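Q: I have a new structure open and would like to go through it. Can you start with the terms and then take my questions?

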Amino acid sequence: MIEWVPLAGGARPVPRPVAAPLVWAGAFGGALVLVALLNGVVGAGRPGLALAVLSLLAAVLGLCARFTAAPGTAVLCWLSLNGFAVPPAGTLTWAGRRDALWLACLLGATLVGTALARLRHARAAYRRLTAATGPEGPESYDA
């Protein structure tokens with residue numbers, strides 16, 4: 001007879017982040033869609049707006065990713081920004097300070113999103129653990 005036994009026992013205080021390749025796929029596809037949408041609605045040649053939108057995407061993707069996925073996420077968002085939001089579209093260029101600043105902004109947004117998620121998960125885990133094992137509150141002293 002087969003007996004089913006759970007592999008992970010006990011409470012998992014912090015949820016596991018999404019695998020890096022899935023985050024990178026989201027960054028690649030999401031960045032292309034957002035840049036195409038911005039170029040269609042607002043028009044091409046607005047890299048500042050595209051940088052802000054892609055930074056928001058990078059921060060949202062950072063909420064479910066590991067810290068090690070941040071550089072790849074930033075580079076994939078930058079490729080879409082540089083390749084399709086800056087004229088001439090479809091041509092990758094490197095403009096020194098500008099592109100280094102854009103990469104730093106995208107990397108910072110991803111790291112901030114990841115750090116915020118880790119802090120939120122850690123606080124929730126701390127509350128669950130202290131509520132389960134902590135001292136009894138004043139409500140339990142009904143006499």
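A: Helices (H or I, at least four residues) and strands (E, at least two) are DSSP runs, numbered from the N terminus. The model is predicted: local features need pLDDT of at least 70, side-chain atom pairs count only at pLDDT 80 or more, and totals for chains, interfaces and linings use all residues. Residues are numbered from 1 along each chain as its sequence is written, and side-chain values use heavy atoms, with hydrogens and water left out.

Q: How many helices and strands are there in the chain?
A: The chain has four helices and zero strands. From the N terminus on, the order is α-α-α-α.

Q: And what share of the residues counts as buried?
A: Of the chain's 143 residues, 28% are buried. Buried means under 20% relative accessible area, exposed over 50%, and partly exposed in between (1.4 Å probe, protein chains only).

Q: Let's take H1. What span should it have?
A: Helix H1 covers residues 20-41, which is 22 residues, and at 1.5 Å a residue it should span 32 Å. The expected span is 1.5 Å times one less than the number of residues. The end C-alpha atoms of H1 are 31 Å apart, which agrees.

Q: Which residues of H1 are buried?
A: Ala 20, Val 23, Ala 27, Ala 31, Val 35 and Leu 38. They sit on the same side of H1, because they cover an arc of only 85° around the axis. The arc is that of the directions from the helix axis to the C-beta atoms.

Q: What covers them?
A: The cover includes helix H2 (47-62) and helix H3 (70-85).

Q: And what does the face turned away from the buried side carry?
A: That face of H1 carries exposed residues: Pro 21, Leu 22, Val 33, Leu 37, Gly 40 and Val 41. Just after H1, Gly 43 has a positive phi of about 110°.

Q: Different topic. Which residues form the nonpolar patch on the surface?
A: Leu 56, Val 60, Leu 63, Val 112, Leu 116 and Leu 119, with about 560 Å² of accessible area together. Patches are made of residues with over 30% relative accessible area and no salt bridge; like charges are joined within 9 Å, nonpolar side chains (Val, Leu, Ile, Met, Phe, Trp, Tyr) within 5 Å. Areas come from the Shrake-Rupley method with a 1.4 Å probe, and for residues only the protein chains shown count as cover.

Q: Which helix gives the most to the nonpolar patch?
A: H4, with three residues. H2 and helix H4 (97-133) each supply at least two. Leu 63 is in the loop between H2 and H3, and it counts as partly exposed because its relative accessibility is 32%.

Q: Where is Ala 89?
A: Ala 89 is in the loop between H3 and H4. It is exposed, at 59% relative accessible area. Not counting residues up to four places away in sequence, Ala 89 touches Gly 83 and Phe 84; contact means heavy atoms within 4.5 Å.

Q: Last one: which side chains meet in a salt bridge?
A: Those of Arg 98 and Asp 99, at 3.5 Å, N to O. The structure holds one salt bridge, meaning a side-chain nitrogen of Lys or Arg within 4 Å of a carboxyl oxygen of Asp or Glu. Arg 98 is partly exposed at 30% relative accessible area, whereas Asp 99 is buried at 0%.
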